[in-house]
Amino acid sequence: AGVIYYMDEDMVYQKGDVIYTDVLEGGRSEQKTISALNKYLQEANQVALDKEIEVNEETGMALRLQTEDILNTARIIYNMEAGSRVIVSLIARVNVPQNDWLYANFQLYEDFIVFEKNTLIGSQVISPQQSSEEIESELENLLQSINEKAINQGLLPDNSGQVGSINFSQFYNLVNQVRSSSSEVKVNIYADTNIWREDRLNDNLKFELEEVKTEESNDD
């Protein structure tokens, strides 16, 4: 009966989905830690209220959290090294159909810089003699390798397993730049700013194209 119930209902959240994420500072006073976590929970609740889920009319809370879980999270953040940063995520504990209770758990990750500003993240030599489809395919493979590298080095993926990428216009601007080149070009992708674990790659990447001389390509 339980399985049929969940199959018949429209799911608002799947078990394991990220409901809300933010970065909190660790190692502060007990009062500041509790205040920051309370603010976090209020903001997370506002996000949850955008969905069609059950709400406690007395408290206005849509999130169903265990008190012990909240206290343990506060204790961990409080006991961290001063000046440290922690990524705090609320994760759906169960599948949540429409107008049902949203049970959630905390997940904490240490925050750090995955790529420092101006770090070369990846590169690929591409020939402009290829068709547009082939150039697009090579650029897509390069961007996919960037995604995989970012995840392997600590960037946290979203519910779909992605860490962001470039937009449509940026992508085809790159394709056109490669096509208009008179020789092979090396597409270099750099971090445009410090990229932290909770960041997306969107708008945080910088692209540079350099022509590859025939002699150099032959040496390769």
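How many residues does helix α3 have, and how far does it reach from its first C-alpha to its last?

Analyst: Happy to take you through it. This is a predicted model, in which local features need pLDDT of at least 70, side-chain atom pairs count only at pLDDT 80 or more, and totals for chains, interfaces and linings use all residues. Residues are numbered from 1 along each chain as its sequence is written, and side-chain values use heavy atoms, with hydrogens and water left out.

Helix α3 runs over residues 67-78, which makes 12 residues, and its first and last C-alpha atoms are 16 Å apart. That is close to the 16 Å expected at 1.5 Å a residue, where the expected span is 1.5 Å times one less than the number of residues. Helices here are DSSP runs of H or I with at least four residues, strands are runs of E with at least two, and both are numbered from the N terminus.

D69, T73, A74 and I77 are buried. Buried means under 20% relative accessible area, exposed means over 50%, and partly exposed lies in between, with a 1.4 Å probe and protein chains only. Seen down the axis, the buried residues of α3 fall within an arc of 135°, so they line one face of the helix; the arc is that of the directions from the helix axis to the C-beta atoms. T67 and E68 are exposed on the other side of α3. As background, an α-helix has 3.6 residues a turn, so residues three or four places apart point the same way.

Residues 132-152 give α4 21 residues, and α4 reaches 30 Å from first C-alpha to last, close to the 30 Å expected at 1.5 Å a residue. Its buried residues are S132, I135, E136, L139, L142, L143, I146, N147 and A150. Around the axis they cover an arc of only 145°, which puts them on the same side of α4. On the other side of α4, E133, N141 and N152 are exposed.

Let us move on to charged pairs. A salt bridge here is a side-chain nitrogen of Lys or Arg within 4 Å of a carboxyl oxygen of Asp or Glu, and by this rule there are two. In one of them, D111 meets R85 with N and O 2.8 Å apart. D111 sits in the loop between β6 and β7 (113-115) while R85 belongs to strand β4, so this pair ties together parts that are 26 residues apart in sequence. D111 counts as buried at 6% relative accessibility, whereas R85 is partly exposed at 28%. R85 also forms a salt bridge with E198, where the closest N and O atoms are 3.0 Å apart. Here the link joins distant parts of the chain, with E198 in the loop between β10 (195-196) and β11 (205-211) and R85 in strand β4, 113 residues apart. E198 is partly exposed, at 23% relative accessibility. Through shared partners, the salt bridges join R85, D111 and E198 into one network.

The loop between β10 and β11 also holds R200, which is partly exposed at 26% relative accessibility. D203 is found in the loop between β10 and β11 too, and D203 is exposed with a relative accessible area of 64%. The phi of D203 is near 65°, a positive value in a residue other than glycine. N99, in the loop between β5 (96-97) and β6, is not a glycine either and has a positive phi of about 60°. For context, most residues other than glycine have a negative phi.

Finally, the largest pocket has a volume of about 340 Å³. Of its 14 lining residues, V18, T21, L156, P157 and D158 are the closest to its centre. A pocket is an open set of points on a 1 Å grid over the protein atoms alone, where a 1.4 Å probe fits and protein lies on both sides within 12 Å along at least five of seven lines; lining residues have an atom within 4 Å of a point. The volume is the space filled by probe spheres set on the points, which are joined across faces, edges and corners. Strands β2 (18-25), β4 (85-92) and β6 (102-110) each supply at least two residues of this lining, and β4 gives the most, with three.
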